Amino acid sequence: MKKIYVWEPWFFIFFGVFHLHRIWALYDRRSYASFWIGIMQNKGIEYFLIMGILAALCIIGICTFIKNKGHNYWWRWIYLFGGCYLLSDLFAIAAEIKLWEQLIALMFDISSPYWNVIWSLFIIIGGLSLALGIYLLYKRSHQK
């Protein structure tokens with residue numbers, strides 16, 4: 001039987017809010033880029049806290065997908081594909097893979113004509129994730 005676990009709506013709500021913070025990037029490019037480049041370069045407590053939370057959530061999501069093989073909701077595919085992408089992204093950042101560093105430098109180039117497009121896409125993903133989390137809260141409250 002399909003079941004929405006208590007933590008699942010909060011997973012999507014967390015990722016939604018995390019992505020929605022990128023509205024800041026549209027408002028103040030320089031401070032947004034400076035903040036995140038600083039986090040990634042300094043690798044202080046904030047870096048490990050954020051990366052640890054993101055990695056743990058991805059692993060929990062992937063394990064949930066695997067555990068419920070054959071009984072998954074459509075949105076659990078996000079755990080598998082999004083989780084694998086994010087874990088590879090976190091690994092590439094932590095391992096300081098040059099190609100990935102170049103990609104990140106391009107993403108945080110405040111003079112890029114694509115700045116608004118890139119960060120708006122992340123904001124849209126955040127809005128959709130937040131909406132899905134709220135929907136799952138509603139569905140879970142009506143689950144038998």
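Two residues are in contact, for this talk, when they have heavy atoms within 4.5 Å. With that in hand, we can look at what packs against what. The model is a predicted one.

I will start with helix 5. What covers the buried residues of helix 5 includes helix 1, helix 3, helix 4 and helix 6. The buried residues in helix 5 are Tyr-79, Leu-80, Gly-83, Leu-86, Asp-89, Leu-90, Ala-92 and Ile-93. As for its length, helix 5 has 18 residues, which at 1.5 Å a residue should span 26 Å, and its end C-alpha atoms are 25 Å apart, so the two values agree.

After helix 5 comes Glu-96, with a positive phi. The angle is near 55°, and the residue is not a glycine. Glu-96 belongs to the loop between helix 5 and helix 6. Its relative accessibility is 42%, so Glu-96 counts as partly exposed.

Now the overall picture. The protein chain has seven helices and zero strands. The C-alpha trace spans about 50 × 30 × 25 Å along its principal axes. There are 144 residues in the chain, and 38% of them count as buried. Take the contacts in the chain with a separation of 6 or more: 76% of them are between residues 24 or more positions apart.

Next, the core. Which residues have the most contacts inside the largest nonpolar core? They are Phe-12, Phe-15, Tyr-32, Trp-36, Trp-75, Phe-108 and Trp-119, in a core of 31 residues. Helices 1, 3, 4, 5, 6 and 7 each supply at least two residues of this core. Helix 4 gives the most, with six residues. As background, nonpolar side chains tend to be buried together in soluble globular proteins.

Helix 1 has 13 residues, and from its first C-alpha to its last it reaches 18 Å, close to the 18 Å expected. Its buried residues are Glu-8, Pro-9, Phe-11, Phe-12, Ile-13, Phe-15, Gly-16, Phe-18 and His-19. Helix 3, helix 4, helix 5 and helix 7 are among the elements that cover them. If we leave aside neighbours within four places in sequence, Phe-15 is in contact with Leu-54, Leu-57, Cys-58, Leu-86 and Ser-129.

On to the aromatic rings. The count comes to 24 aromatic pairs. Phe-11 and Phe-12 have ring centres 5.1 Å apart and planes at 75°, so this pair is edge-to-face. Phe-11 and Phe-12 are both buried.

The charged end of Arg-22 sits over the ring of Phe-122, 4.4 Å from its centre. Lys-43 has its charged end over the ring of Tyr-47, 5.3 Å from the centre of that ring. Lys-43 has a further feature: its phi is positive, about 45°, although it is not a glycine. You will find Lys-43 in the loop between helix 3 and helix 4. Lys-43 has 23% relative accessibility and therefore counts as partly exposed.

Last, the cysteines. How many disulfides does a search of the whole structure find? The search finds zero. Cys-84 is at 41%, so it counts as partly exposed.

That is what I have for today.

Technical notes. Residues numbered from 1 in each chain as written. Predicted model: local features only at pLDDT ≥ 70, side-chain atom pairs only at ≥ 80, totals over all residues. Heavy atoms only, no water. Core = buried A, V, L, I, M, F, W, Y, C linked by side-chain atoms within 4.5 Å. Buried < 20%, exposed > 50% of the residue type's maximum accessible area, 1.4 Å probe, protein only. Helix = DSSP H or I, 4+ residues; strand = E, 2+ residues; numbered from the N terminus. Expected span 1.5 Å × (residues − 1). Phe/Tyr/Trp six-rings, centres within 6.5 Å; stacked < 30°, edge-to-face > 60°. Lys NZ or Arg CZ within 6 Å of the ring centre and 35° of its normal. Disulfide = S-S within 2.5 Å.
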